[in-house]
Amino acid sequence: MSVLLGRDTRVIVQGMGREGRFHAQRMKEYGTKVVGGTKPGAGGALIDGLPMFDTVAEAVDETGANASIVFVPAPAAMDALLEAIDAGIDLVIAITEGIPVADMLKVVAVLETAATTLVGPNGPGAITPGESKIGIMPAENFSPGGVGFVSRSGTLTYEIADLLTRAGLGQSTCIGVGGDPVIGLPTPDAVRLLNEDPATEAIVIVGEIGGSAEERAALYMRSEGKKPAVAFIAGRSAPPGKRMGHAGAIVSGSQGTAESKIRAFRDAGIPVADAPSEIPQLVQEALGRS
Amino acid sequence: MKLHEYQAKVVLARAGIPVPEGRIAATAQEAEDAARAIGAPVAVKAQVHVGGRGKAGGIRIAKSPADARAAASAILGMEIKGLRVEKVYVERAADVRSELYLGITLDRDRRRPVVMLSTVGGMDIEEVAASTPEKIARGWPSPLLGLLPFEARSLVFAAGVPPEQRDAVADIALRLSRVYGETDATLVEINPLFVQTDGSVLAGDAKLEIDDNALFRQPDLAKLREVAKDEEAEERARALGFSFVQLDGDVGIIGNGAGLVMATLDAVRNAGGRAANFLDVGGGAKEAIVRAALEIVLSNPRARSVLINIFGGITRGDEVAKGILDVVERHPPRVPLVVRLSGTQAEAGRRLLEGAPLESRATMDDAAAEAVRLAAAEAAGAEAPRAR
């Protein structure tokens with residue numbers, strides 16, 4: 001197994017609405033062990049062949065689930081995340097967009113005292129190609145291999161995975177950490193997981209403007225990096241003070257500029273691609289295969 | 001969402017934070033009446049959603065109601081950083097001995113709110129933070145508990161607040177922390193926090209920004225949203241579930257996913273051009289979505305070409321291509337279109353686009369270069385008739 005998820009990960013779906021049901025099927029098709037879902041009041045029923053439970057705790061007891069994917073709409077998402085953490089789920093992946101910052105601050109404060117790893121919210125999820133996909137990414141663009149991949153965005157992640165796959169660079173685990181200002185597994189922590197993963201040979205870090213997660217990831221790799229890394233930062237041409245779609249992608253004051261992130265990576269000896277199309281070549285070079 | 005000072009002060013006053021008596025005025029006459037009711041001297045302050053009002057001449061002290069009228073006449077209609085002043089706030093002038101700073105915002109790295117207190121008030125706190133960071137005391141309250149009394153006391157001691165004001169400032173910090181939590185604020189700031197000659201403490205200014213994602217549970221604050229003239233397209237896009245930002249270049253951009261759209265903007269800059277906007281349509285790209293997105297992008301007269309960069313994932317590339325074809329056939333756009341499809345079934349999508357009145361490119365870099373070239377050609381074409 002690579003990091004976070006693999007063949008034996010057993011997943012439940014929280015939020016069996018249209019999106020939740022759709023992606024539950026896609027994940028099953030991929031080979032992910034989707035073992036049930038929660039829908040308060042529907043306990044005992046089957047939806048699309050999946051057993052439903054009233055509570056996460058019950059689902060865990062009955063199915064042995066150790067992961068959960070959350071599609072619950074933003075106003076109720078904090079409750080869903082806290083329920084999953086309370087039930088002792090190891091890996092919670094939150095797809096939901098638009099969760100209030102104050103709610104995420106509370107969730108993160110609770111996480112500090114729990115053993116759960118939360119990925120997201122507002123991200124595509126995570127995938128260990130060929131083994132398990134807990135997310136909404138189109139599986140066709142990913143392939144098994146040795147490149148660990150951390151990204152703050154969705155479609156840009158698929159695009160780069162597609163480029164890597166076409167270049168014959170498969171991926172160990174790809175983690176979409178999410179585009180919000182407060183997330184469960186910030187980029188530096190995700191990079192650390194891949195840096196310590198024996199199945200990962202090189203790391204691709206895709207960041208964007210806003211915050212200083214990329215700078216911290218660069219500092220970490222500078223002192224602890226065990227393998228080559230390549231970075232890309234989206235939003236170099238974005239003006240300050242304008243939020244670029246993601247709630248986290250905003251340059252305010254001197255904080256979060258692309259220049260600062262690019263400098264931090266270069267200072268750590270990590271090459272930074274000017275365009276996504278350059279990433280595969282840089283990875284080949286970093287692996288000494290150019 | 002940003003609130004005006006006068007609106008933020010209502011929120012602070014409700015939380016028990018002392019604020020000067022004040023009234024809002026939309027005309028010079030109203031400002032004069034307000035000054036008479038409150039009692040001069042008064043401060044007449046422009047209400048706009050930008051900082052630096054004072055430096056721009058948007059704040060004046062008036063010694064009499066007639067003075068207030070003159071000040072309001074000068075300030076109303078003034079443009080501050082591109083925003084027109086529609087209203088002034090008239091409030092009793094404080095009797096200032098010194099100025100403090102108190103603010104709470106999100107510390108993204110620590111994933112906690114940060115409370116900042118300084119005796120260097122009235123200035124741009126970012127400048128203070130950059131030049132003399134030791135002059136700002138900071139505390140990181142638990143998001144579960146809010147600021148606790150002992151934490152407020154520590155801040156007051158660390159900042160070096162004079163003994164006479166310690167209790168009052170600590171009390172205001174606790175109340176401000178409650179405002180931060182109860183209003184789903186992303187920023188609440190009192191700068192300056194006045195110490196008056198009689199020793200009392202009073203909020204000189206107030207900034208309050210609310211998390212847009214939390215407006216669903218802040219109905220009273222949500223009603224205060226104001227849309228500036230230059231943000232109308234942004235507002236229209238928001239209603240459609242798009243994320244849109246107007247920029248000042250001439251290459252219109254449409255894409256799905258914030259990161260991909262940002263990368264597209266960068267690709268346009270790499271190709272020597274400038275993007276006219278940021279537009280993220282979110283997931284999928286069905287015909288109705290592409291059409292609505294094109295309408296928004298082309299409502300900007302500066303747009304001279306449009307680059308559509310869609311990653312086909314769950315929505316496949318051939319379906320996206322059909323959506324785009326429907327739009328160009330039924331509603332031909334006024335500027336050239338460059339389409340770049342990638343991802344699932346992208347090749348099939350590109351084959352469908354062959355022969356259509358648009359340019360299709362396989363890579364983001366090529367598509368950006370073509371969109372930049374076409375925008376430049378349009379610009380030259382637009383000038384040519386005048387040259388003749």
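In strand β3(B), Arg60(B) is the bridge partner of Val44(B). That pair is a handy way into the model, which is predicted throughout. The strands involved, β2(B) and β3(B), run antiparallel and are joined by four bridges. Both belong to an open sheet of four strands in chain B, ordered β1-β6-β2-β3, with antiparallel pairing. The edges of this sheet are taken by β1 (22-25) and β3 (59-62) of chain B, each of which pairs on one side only. Ignoring direction, neighbouring strands here are turned by 20 degrees against each other on average.

Two helices go with this sheet. Helix α2(B) lies across β1, β2, β3 and β6 (88-92) of chain B, and runs at about 15 degrees to β6(B). Helix α3 (residues 65-75) of chain B lies across β1, β2, β3 and β6 of chain B as well, running at about 10 degrees to β2(B).

The loop between α2 (28-38) and β2 (42-46) of chain B holds Pro41(B), and here the backbone does something worth a look: the peptide bond from Ala40(B) to Pro41(B) is cis, with omega near 0 degrees. Another cis peptide bond joins Asn191(B) and Pro192(B), with omega about 5 degrees. Pro192(B) sits in a strand, namely β10 (residues 185-196) of chain B.

Arg111(B) is not a glycine, yet its phi is positive, at about 55 degrees. This arginine is found in the loop between β7 (96-107) and β8 (112-118) of chain B. Arg111(B) has 22 other C-beta atoms within 10 Å, so it counts as buried. Over in chain A, Asp48(A) likewise has a positive phi in a residue other than glycine, near 50 degrees. Asp48(A) is placed in the loop between β3 (46-47) and β4 (50-53) of chain A. With 13 other C-beta atoms within 10 Å, Asp48(A) is therefore partly exposed.

As for chain A overall, it contains nine helices and 14 strands. A compact globule of 290 residues would have a radius of gyration near 19 Å, and the 18 Å of chain A agrees with that. Taken along the principal axes, the C-alpha atoms of chain A fill a box of roughly 55 × 40 × 30 Å. Of the 290 residues in chain A, 61% are buried. Among contacts in chain A between residues at least 6 apart in sequence, 70% join residues at least 24 apart.

Chain A has an open sheet of seven strands, in the order β9-β8-β11-β10-β12-β13-β14, and the pairing is mixed. At the edges stand β9 (132-135) and β14 (272-273) of chain A, each with a single partner strand, so one side of each has no neighbour in the sheet. Strand β8 (residues 125-128) of chain A runs antiparallel to β9(A), and four bridges join the two. Thr128(A) stands opposite Ser132(A) in β9(A). Helix α8(A) packs on the sheet, where it touches β12 (202-208), β13 (229-234) and β14 of chain A; the direction of α8(A) makes about 175 degrees with that of β13(A).

Helix α8 (residues 258-267) of chain A also packs with helix α7 (residues 213-224) of chain A, at an angle of about 5 degrees and with the axes 8 Å apart. The two helices, α7(A) and α8(A), are therefore roughly parallel to each other. On the α7(A) side, the contact uses Glu214(A), Glu215(A), Ala218(A), Leu219(A) and Arg222(A), which meet Ser260(A), Lys261(A), Ala264(A), Phe265(A) and Asp267(A) of α8(A). By type, the residues of this contact are four nonpolar, one polar and five charged.

Finally, the two chains meet each other: 45 residues of chain B are in contact with 47 residues of chain A. On the chain B side, the elements giving two or more residues are α4 (125-131), β13 (243-246), α9 (258-270), β15 (277-280), β17 (337-343) and α13 (364-387) of chain B. The largest share of that side comes from α9(B), with eleven residues.

Definitions and conventions:
Residues numbered from 1 in each chain as written. Chains lettered and ligands numbered in written order. Predicted model: local features only at pLDDT ≥ 70, side-chain atom pairs only at ≥ 80, totals over all residues. Axes fitted to C-alpha atoms, helices over the stretch in contact; angles between N-to-C directions. Parallel < 35°, antiparallel > 145°, perpendicular 65-115°, else oblique. Contact = placed C-beta atoms within 7 Å. Nonpolar A, V, L, I, M, F, W, Y, C, P; charged D, E, K, R; others polar. Buried ≥ 20, exposed ≤ 12 C-beta atoms within 10 Å, placed from the backbone. Rg over C-alpha atoms; globule rule 2.2 N^0.38 Å. Pairing = 2+ DSSP bridges.
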